[in-house]
Amino acid sequence: MAALVILVTAAAMGWFFSTEVGQTAWLDQIAEQARKSGQDMPEAQWATMQKMASYMGIIYAVSTIVIAPIMWLIVTGILFAVFNAALGGTSTFKQVFAVFVHSTAISVVQALFVT
């Protein structure tokens, strides 16, 4: 299940940010963040961001494949500690990890089909 969730998420993110719409959305987000912080983006920096936009599909796909399992392990460790130490549970790390990973599949399906 973990591999399926990671591959589907990476493929969806990679595909979206490889399209012109995804790249434009990424650039708009960067410009909005600069405006909110009160900074003007120099023309050279904007040109660099525009060049980088074409690589965002690959960057998002690879970062999903690398970061998702790490985050799952961190969150599972926290949940394992809370459930077992604080609440007196008897579950194993493997059980908590399996439940957490399977619950992420719901989020992936929701993000792909509901929005």
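**Exercise 1: Aromatic pairs**

A search of the whole structure finds four aromatic pairs. Rings of Phe, Tyr and Trp (its six-membered ring) pair if their centres lie within 6.5 Å. The model is predicted: local features need pLDDT of at least 70, side-chain atom pairs count only at pLDDT 80 or more, and totals for chains, interfaces and linings use all residues. Residues are numbered from 1 along each chain as its sequence is written, and side-chain values use heavy atoms, without hydrogens and water.

Task: Classify the pair Phe-16 and Phe-17 as stacked, tilted or edge-to-face.

Solution: 
1. Take the cut-offs: planes under 30 degrees apart are stacked, over 60 edge-to-face, the rest tilted.
2. The ring centres are 5.0 Å apart and the planes lie at 80°, so the pair is edge-to-face.

**Exercise 2: Burial**

Task: Decide whether Phe-17 is buried or exposed.

Solution: 
1. Buried means under 20% relative accessible area, exposed over 50%, partly exposed in between (1.4 Å probe, protein chains only).
2. Phe-17 has a relative accessible area of 11%, so Phe-17 is buried.
3. Phe-16, with 31%, is partly exposed.

**Exercise 3: Two helices**

Task: Describe how H1 and H2 (residues 20-36) pack.

Solution: 
1. Helices here are DSSP runs (H or I, at least four residues), numbered from the N terminus.
2. Axes are lines fitted to C-alpha atoms over the stretch in contact, and angles run from 0 to 180 degrees between N-to-C directions.
3. The angle is about 85°, and the axes are 4 Å apart.
4. Angles of 65 to 115 degrees count as roughly perpendicular, and H1 and H2 are therefore roughly perpendicular to each other.

Note on methods
Parallel < 35°, antiparallel > 145°, perpendicular 65-115°, else oblique.
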